[in-house]
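Try each task on your own, then read the solution step by step.

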Amino acid sequence: MTSFSPGFHGRPRALADRLPPGQYPTESFPVLSAGPTPRVPTETWTFTVTTETGATRSWTWDEMMALPQQETVHDIHCVTRWSKFDTHWRGVPLTAFLDDVETAADHVVAEAHGGYTTNLPLEDVLDGRAWVAHTYDGYPLSPEHGGPARLLVPHLYFWKSAKWVSGLRLTVEDEPGFWESVGYHNYGDPWREQRNWGD
Ligand SMILES: Nc1nc2c(c(=O)[nH]1)N[C@H]1C(S)=C(S)[C@@H](COP(=O)(O)O)O[C@H]1N2
Ligand SMILES: [Mo]
């Protein structure tokens, strides 16, 4: 695990500057899963982008790993109020899967093994703000945390970071996902404390 101390990461940042309202910092990495942990072998893993017309494009594990990889470090914020600073990831930015896709859609639904879904504006997963992450802190991502690969969308509450991600479905109409359809905020910006519908 990465040790955390604000002073050890370049310019010190005041806690208040990096802790969204209503959150507390934690050094542990809690596991939050709505169901059992699926075991997804990399041998059969695929990542599929489906457009609003039904056109699909899929990548195998090896094809995904052959795409340009990025190391990325982020603070993550769970709606249950824990925040974890300076989490280290390696993965593929979603632009790599989406740039060549022809679409008129403005929304995506991230889909996961086990049935979990979460919706996001397409623009929020472009421009290097979201990844398919397969490595955490230098090690293959554990199944509990979404391995072999999960979505990482650190600028939104962590429920948007679908574990065991299997693909993205582009939609013209916004379609609330698993938590969004039972009252979680549709967008989920931790800095605006968008926890529930109406926040
Ligand atoms: N497939 C799937 N992805 C998921 C979830 C889930 O239940 N299933 N829980 C979400 C929630 S609410 C959070 S806070 C984070 C938790 O990730 P962690 O267990 O790695 O901390 O995963 C998100 N992604
Ligand atoms: Mo969460």
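Predicted model: local features only at pLDDT ≥ 70, side-chain atom pairs only at ≥ 80, totals over all residues.

**Exercise 1: Contacts of the ligand**

Solution. Now go to His145, where a side-chain N or O atom lies 2.6 Å from a ligand 1 oxygen. Finish with Pro30, where it's a polar backbone atom that is 2.6 Å from an oxygen of ligand 1.

**Exercise 2: The shell and the pocket**

Task: work out how many residues surround ligand 1, and which are the closest.

Solution. Count the shell and you get 19 residues, with Pro30, Ala34, His145, Arg150 and Lys163 the closest. Then sort the shell by class: 14 are nonpolar, 3 polar and 2 charged. Last, check the space that ligand 1 takes up: that's the largest pocket.

**Exercise 3: The annotated domain**

Task: say what UniProt places at residues 35–179, and describe that stretch.

Solution. First, the record: an unreviewed UniProt entry gives "domain: Oxidoreductase molybdopterin-binding" there. Then the model: residues 35–179 are 6% helix and 41% strand, and their end C-alpha atoms are 13 Å apart.

**Exercise 4: Two backbone details**

Task: find where Pro148 lies, and whether the peptide bond from Gly147 is cis or trans.

Solution. Look in the loop between β9 (139–140) and β10 (150–152) for Pro148. The bond from Gly147 to Pro148 turns out to be cis, with omega near 15 degrees. Now move to the loop between β4 (70–77) and β5 (82–93), which holds Arg81. Arg81 isn't a glycine, yet its phi is positive, near 95 degrees.

Terms used: Residues numbered from 1 in each chain as written. Chains lettered and ligands numbered in written order. Heavy atoms only, no water. Near = heavy atom within 4 Å. Polar contact = N/O pair within 3.5 Å; in protein donor to acceptor, adjacent residues only side chain to side chain. 1 Å grid on protein atoms, 1.4 Å probe; cavity = no way out; pocket = protein on both sides within 12 Å on 5 of 7 lines; lining within 4 Å. Sits in = over half its atoms within 2 Å of the grid points. Nonpolar A, V, L, I, M, F, W, Y, C, P; charged D, E, K, R; others polar. UniProt positions renumbered as here; feature names shortened; annotations may be inferred. Helix = DSSP H or I, 4+ residues; strand = E, 2+ residues; numbered from the N terminus.
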